[in-house]
Amino acid sequence: MKRREFITLLGGAAAAWPLAARAQQGERMRRIGVLHNFAADDPLGQARNGVFLQGLQQAGWTIGRNVQIETRWAAGDADRLRTYAAESMALAPDVILSAIKRKMH
C-alpha cells in the first residue's frame, strides 16, 4: 500500500469513527414534564392525557425506551400547580406540556 493510500484510508476511518460510536450509543432518553390542572381521576384530563400519549406513540416515541414522562395533576389547586411547576423545572425536562383548564365566565 502506498503512503498516500494509507493516509487517505486512515483519514477516512478517523472521520467515520465518531459517527459509528454515536450510532452504537442508541437514542438519548428524552424527558417530558406534563402539568395538568385536572384531578388525576378527571375524565377530561385522562382523555387529554391519553390523546397526548397516543400522539407520542404514533410519532415513534416509546415510554421507557426513548422518552420518559413526568406527569403532575394539580386538581385545580393554584398552590399545588406552582409547586408542581417548580418540581418539573428542577427535573430539567426537554419540554414541559402545560394542560391548564380555565373557568369560563
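Author: Searching the whole structure turns up five salt bridges. This is a predicted model, where local features need pLDDT of at least 70, side-chain atom pairs count only at pLDDT 80 or more, and totals for chains, interfaces and linings use all residues. Residues are numbered from 1 along each chain as its sequence is written, and side-chain values use heavy atoms, with hydrogens and water left out.

Reader: What makes Arg28 and Asp94 a salt bridge?

Author: The term needs a side-chain nitrogen of Lys or Arg within 4 Å of a carboxyl oxygen of Asp or Glu. Arg28 and Asp94 have N to O at 2.5 Å, so the pair qualifies.

Reader: Which parts does the pair tie together?

Author: Arg28 sits in the loop between α1 (3-25) and β1 (30-36), and Asp94 in the loop between α3 (78-90) and β3 (95-99), so parts 66 residues apart in sequence are tied together. Helices (H or I, at least four residues) and strands (E, at least two) are DSSP runs, numbered from the N terminus. Arg28 and Asp94 also belong to a salt-bridge network with Arg30.

Reader: Why is Arg72 called buried?

Author: Buried means under 20% relative accessible area, exposed over 50%, partly exposed in between (1.4 Å probe, protein chains only). Arg72 has 18%, so Arg72 is buried. Its salt-bridge partner Glu70, at 3.6 Å between the closest N and O atoms, is buried at 18% too.

Reader: How do you know that Arg82 is exposed?

Author: Its relative accessible area is 53%, so Arg82 passes the cut-off. Asp79, its salt-bridge partner, counts as exposed at 51%.
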